[in-house]
Amino acid sequence: MAFDAFYLSAVLKELRALGEMRVEKIHQPARDTVIFHLRHKEGRCKLLFAMNPTSPRLHLTAANPENPPEPPMFCMLLRKHLSGARLTEISQIPMERCAVFTFECMDEMGDLVQRRLIAELMGRTCNLYLLSPEGRIMDCLRRIGLDESAKRQALPGLYYQNPEPITKRNPAELTTEDYVNLFSQPGADLLSQRLMDELGGLSPLVCREAALYACGDVDARLENGNITGISGKIAEFFQQNLHNPAPCYYMQGGTPKQFAFCPIRQYGEYATAESFSELLDLFYTVRDRNDAMRQKSQSVRKTVQNACTRLTKKLAIQEKELTATYDRERLRQLGDILTANLHKIKKGQTSVQVEDFYDENMSLIEIPLSPLLSPQQNAAKFYKDYARMKTAEKELTRQIELGRTELEYLKSVLEELNRADSDQALEEIKQELQGGGYLRADSGKKRVKTGKLPPLRFESTDGFPIFVGRNNRQNEELTFKSARKDDIWLHASKVHGSHVIIACAGAPVPDDTVTQAAQLAAYYAETAGGQNIAVDVTPVRQVKKIPNGKPGMVIYHTYKTVIVNPYPDIVVDALNAEKKPE
């Protein structure tokens, strides 16, 4: 990803195009996130300031994050001084990820004053400052004390200091001759690294794209090329993309993986978004939602993973014990040998040496004895151990089968947790685990009644509704209660995943619809990241619930298998839009 200074410039240009704006509301849904609700001549918009050091950014957003019951103090300060203020100017420190928003507002005395909101988006030092007309810090999102090892302090009352100026050269101002001189000087041989070292405001991704454009190779070296020809190509690349930037991104597995203000050709095919803000919203909203759900589900996930670990160890011990029972026939033989030689044994002996008549050579063997038992009791002990192992084989086989089934169930729950995309979906998984005895019910916590979460609903290009279960309980209800017997049932073959239903009521289903439903089954399964996924297809009537089985576990014998890739347009469209409930 490449949220560099020039991508920020493109975002700010989009904001300026909206014209004069006024602040209507200010929210701070998270510790490092502030959202301004703005009104302009064409309507309303929301401006997001994300000051997370791992992914700082600002852009227009369509997201509606949940706000805390009480706003933080910094949010209250922004509301006090900027509510109703008019945004008069948007500027940027050259080649730096630092944006300056100038507001015209009223002070405590009713006089018209200008206040600045400065968003520094530089990694670990990212911060959001509110400045007085004199340039003093009224407050900031992240305070930095005088005793901390930082080059600049950030405390209320101090004068704001601009970031250290960029000493590198501006690629927008360089000509071909400038690049020839630049590349002729000593420095890194790798072209992309030389660009990073000498030019300001660019990300490594963009520098690699420039090298690819100039030489056809992201790892091109200056020592092996025509410097004059390379310089001309580099100048041409930046001339095109800095003056006419485009929001481009690379998609992998239905999710944007890289973005920049220029075409991204180094990974293959790339796509273009309608706006720079829309691209950032698409890229980060999905990722942030997944990260938040991953954190919320961490305790549940740990409980299930611990149960899987314990069960795996238990199965290993049981399988070892089962292997030992396979040698029980020798115990019966030793019992027979002792019975035939009782006259040679006296009580108190610890062993006896006798002929093994089960051996062709009638070789002598030494059989251990218990000195506390009589000869008859020693022989009977071998028969008893033989019978015990025979019974143990049956019981261990049954226990191992139950354990493997339970382990498969727990793995399916882990897959559910990976797909959970809302608090309600996570709560349903918790209730499923509580019903199975894996989690304790929340004691002392008043449970808020919520509506039942419906299955995911899609529509094929032929107009057939396709339903996808979100979790094991929903899979079971979808297959055995909601679906008709003559509907079509799909599931990724031999892996954990969602039940998928094509609601056709016995009508002929076109191949395109079956393919799209199979792609959904492949996407909502643990093999979603692979290619050429096998998906089983059968009428609902052929699917049977396993007697006394865990939720969502079924068997079926009559089916056909199709091979698909898990990223159809129907999935990508659904990922970029709100999923439609049933």
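In the predicted model, six strands form an open sheet in the order β15-β16-β18-β17-β19-β22 with antiparallel pairing. Strands are DSSP runs (E, at least two residues), as helices are (H or I, at least four), numbered from the N terminus; two strands pair if DSSP finds at least two bridges between them. The edges are β15 (456-459) and β22 (560-564), each with a single partner strand, so one side of each lacks a neighbour in the sheet. Neighbouring strands are turned by 25 degrees against each other on average, direction ignored. Between β17 (488-492) and β19 (533-539) the antiparallel pairing runs over five bridges, and Leu 490 has Val 537 of β19 as its bridge partner. Helix α12 (472-482) packs on the sheet and touches β15, β16 (465-468), β17 and β18 (500-502), contact meaning heavy atoms within 4.5 Å. The direction of α12 makes about 145 degrees with that of β16 (axes are lines fitted to C-alpha atoms, for helices over the stretch in contact; angles run from 0 to 180 degrees between N-to-C directions).

Asp 189 lies in the loop between α3 (176-184) and α4 (191-198). With a relative accessible area of 33%, Asp 189 is partly exposed (buried is under 20%, exposed over 50%, partly exposed in between; 1.4 Å probe, protein chains only). Asp 189 and Leu 222 are 33 residues apart in sequence, and their C-alpha atoms are 5.4 Å apart. Tyr 358, in the loop between β13 (351-355) and β14 (364-368), is also partly exposed, at 37% relative accessibility.

Residues are numbered from 1 along each chain as its sequence is written, and side-chain values use heavy atoms, without hydrogens and water. As the model is predicted, local features need pLDDT of at least 70 and side-chain atom pairs count only at pLDDT 80 or more, whereas totals for chains, interfaces and linings use all residues.
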